[in-house]
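Take the overall form of the chain before its details.

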Amino acid sequence: MTATYENLIREDLGPVVRILVNRPRVANAQDRPTLDELDAVLRELADDEAVRVVILGGEGKHFSSGHDMQAGLAPRPGHEDEGFTVERVWFHEAKYYVEYCLAVRNFPKPTIAEVKGAAIAGGFMVANMCDLIVASEDAFFSDPVVQGMAAAGVEVLVHPWVMTSRRAREMLFTGEPISAQDALEMGMVNRVVPRADLESATLELANKVAQAYPFATRLLKRSLNLTQDMMGFTNAIQAHFATHDLSHASVESAEMRAARGR
Ligand code: ZN
């Protein structure tokens, strides 16, 4: 069965479902309809007992270029005409970026990010919400927003949880990308394979994981997430989000937007 979606491609592959963001013309930038659809399909898959593992990827050359900046921010209900306010930014980012990201992280079954080309900013966030990452040799990861957008990193500061603190600082301060090979060496990704083998290698890993007893796997994932939470994961993510939104209200952020005509 292959269902039809507006912004996604869904492939049912036995116990594995592969979901691809299908916006290749904009390098799979994440706009509101895409993120709504992704969240909705994950809710469906969470309840579908036939599904054991979910692969998240992108159609075309890239995993995702990040948030769709052209698509703008969601207005608060009843405040459709307001400009770039803290309230509007918070309303939009808390739901579309933080809540939806944590829903990927808290999805009850194993997830694998299938990453090729760019995984930038919001793309980096979503890839790192998955349990496992398989990357092609051409993949790269970056978070250039402090250098380019006067923002205190992206909304979900997952970086120090998936690499050493020192590497995370270098990545964030410099805005320089991390290659797939570097990501492998620092333990951020599980496998790096030639581009031509990405889909088959990811599916092979997914099928291996899908052989495990599903309830035990679900309980284990819950424990792994709770272990991180006892180390402060969710609290740290939420604390950073407030700080991130403070950075959108800064003078330098206003100057950046004025310079870019936004
Ligand atoms: Zn933001």
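What does the accessible surface of the protein chain come to, and what share of it belongs to carbon and sulfur atoms? The model here is predicted. Its accessible surface is about 12,600 Å². Carbon and sulfur atoms account for 55% of that area.

Now the overall dimensions. Along the principal axes, the C-alpha atoms fill a box of roughly 55 × 40 × 40 Å. The radius of gyration is 18 Å. A compact globule of 262 residues would have a value near 18 Å, so the chain agrees with that expectation. Burial is the next thing to check. Of the 262 residues, 49% are buried, with under 20% relative accessible area as the cut-off.

Contacts describe how the chain is connected. Consider those between residues at least 6 apart in sequence. Of these, 72% join residues at least 24 apart.

Charge comes next. The protein chain carries 26 positive and 36 negative charges.

The secondary structure consists of 11 helices and 9 strands. Strand S1 covers residues 8-13, and strand S2 covers residues 16-21. They pair in the antiparallel sense, over 6 bridges. Within this pairing, leucine 8 stands opposite valine 21 in S2. In a regular strand, side chains alternate between the two faces of the sheet.

Definitions and conventions:
Residues are numbered from 1 along each chain as its sequence is written. This is a predicted model: local features need pLDDT of at least 70, side-chain atom pairs count only at pLDDT 80 or more; totals for chains, interfaces and linings use all residues. Side-chain values use heavy atoms; hydrogens and water are left out. Two strands pair if DSSP finds at least two bridges between them. Helices (H or I, at least four residues) and strands (E, at least two) are DSSP runs, numbered from the N terminus. The radius of gyration is taken over C-alpha atoms; the globule rule is 2.2 Å times the number of residues to the power 0.38. Buried means under 20% relative accessible area, exposed over 50%, partly exposed in between (1.4 Å probe, protein chains only). Contact means heavy atoms within 4.5 Å. Accessible areas come from the Shrake-Rupley method with a 1.4 Å probe; for residues, only the protein chains shown count as cover. Lys and Arg count as positive and Asp and Glu as negative; His and the chain ends are not counted. The place of a charge is taken as NZ of Lys, CZ of Arg, CG of Asp or CD of Glu.
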